[in-house]
Amino acid sequence: MGRWSRWLVPRLFARRDYIFVAALPKSGSTLLNNALIRLTGHFPHPLCDHHLHEQNIMHSRLIDSWGFRSIATQHTLATPLNVDYLEQFGIRPVVLVRDIFDAAVSLRDHTQREALATATFLPPPGYPAMNDAEKLDAIVDLALPWHLSFVASWQAAPLDVLTISYEEMMRDPQTVLEKVLNHIGLRNLQAETATAWKGAASDDDTRRNVGRIGRGRAEFSDEQTERLRRLTARYPETDFSIIGLD
């Protein structure tokens with residue numbers, strides 16, 4: 001982007017009420033997205049051209065959304081370019097996380113019931129024929145490093161970020177929705193949070209599997225857990241307790 005464009009774009013298109021949710025896979029993002037659409041009336045407008053490209057924010061999609069209130073929920077890292085675009089447009093992202101053990105088991109279930117490949121995980125050859133334990137082992141090696149990068153990148157991002165968790169959302173959804181509204185400057189809608197959540201939770205397209213908090217740890221072997229913990233050493237400045245890794 002040229003120098004003059006970088007100067008002009010924020011002045012023409014920056015707006016605080018754009019909702020952008022960066023979510024870990026299998027963290028309840030569809031449920032949160034549906035609740036926010038019901039609550040705010042924002043129009044769903046992904047910042048990518050295909051759901052398998054959702055790791056990248058497209059500048060053109062940001063400009064396209066200028067004329068209406070919109071929301072995007074994507075599995076997106078806080079890469080330098082993504083952060084630059086969000087900063088230019090004055091967007092305050094919401095980051096949704098989940099216990100990594102529960103998310104891993106839910107991802108395995110997702111690959112068996114919905115789609116084999118996702119934007120953040122391409123299963124290895126022979127994956128469909130593996131048993132549940134073998135599939136989880138592949139996810140630990142090939143998918144969960146992306147989860148760690150996600151957490152590390154958003155914690156380090158020089159943006160005004162609101163981080164919420166699947167666990168607190170399921171425990172107290174109204175409070176979480178109120179936090180999001182405060183973050184994006186739509187406090188006047190707080191009275192509607194209960195109705196919005198109830199409607200979203202009854203939708204058929206929430207894409208939830210089991211959704212039970214705490215079920216993942218029982219399926220992880222000690223060796224798998226240790227492998228995962230060793231990976232966190234690559235990010236000594238990151239607090240992974242928000243995804244269940246102390």
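Buried here means under 20% relative accessible area, with exposed over 50% and partly exposed in between (1.4 Å probe, protein chains only). By that rule, Val94 and Leu96 point one way from strand 4 (residues 94-97), Val95 and Val97 point the other way, and all are buried. The model is predicted, so to speak of local features takes pLDDT of at least 70 and side-chain atom pairs count only at pLDDT 80 or more, while totals for chains, interfaces and linings use all residues. Residues are numbered from 1 along each chain as its sequence is written, and side-chain values use heavy atoms, with hydrogens and water left out.

**Strand 4 and its partners**

- Helices (H or I, at least four residues) and strands (E, at least two) are DSSP runs, numbered from the N terminus.
- Strand 4 pairs with strand 1 (residues 19-23) in the parallel sense over three bridges; for two strands to count as paired, DSSP must find at least two bridges between them.
- On the other pairing, strand 4 runs parallel to strand 5 (residues 162-165), joined by four bridges.

**The nonpolar cores**

- A nonpolar core is a set of buried Ala, Val, Leu, Ile, Met, Phe, Trp, Tyr and Cys residues joined through side-chain atoms within 4.5 Å.
- The largest one has 42 residues, and Phe20, Phe150, Trp154 and Ile243 touch the most other members.
- Strand 1, helix 4 (80-88), strand 4, helix 5, helix 6 and helix 7 each supply at least two residues of this core, with the largest share, six residues, coming from helix 7.
- A second, separate core of 25 residues includes Ile19, Leu31, Leu36 and Leu181.
- Beyond its neighbours within four places in sequence, isoleucine 243 is in contact (heavy atoms within 4.5 Å) with Leu24, Val97, Arg98, Asp99, Ile100, Leu148 and Val151.

**Helix 6**

- Lys135, Leu136, Ala138, Ile139 and Val140 are buried in helix 6 (residues 132-142).
- The cover over these buried residues includes helix 5 (100-113), helix 7 (144-156) and helix 11 (222-232).
- Where helix 6 starts, a side-chain oxygen of asparagine 131 comes to within 3.1 Å of the backbone nitrogen of alanine 133.

**Leucine 31**

- Leucine 31 sits in helix 2 (residues 29-40), and it counts as buried because its relative accessibility is 1%.
- From leucine 31 to tryptophan 197 the C-alpha to C-alpha separation is 8.5 Å, although the two are 166 residues apart in sequence.

Notes: A polar contact is a pair of N or O atoms within 3.5 Å; within protein, one must be able to donate a hydrogen and the other to accept it, and residues adjacent in sequence count only if both atoms are side-chain atoms.
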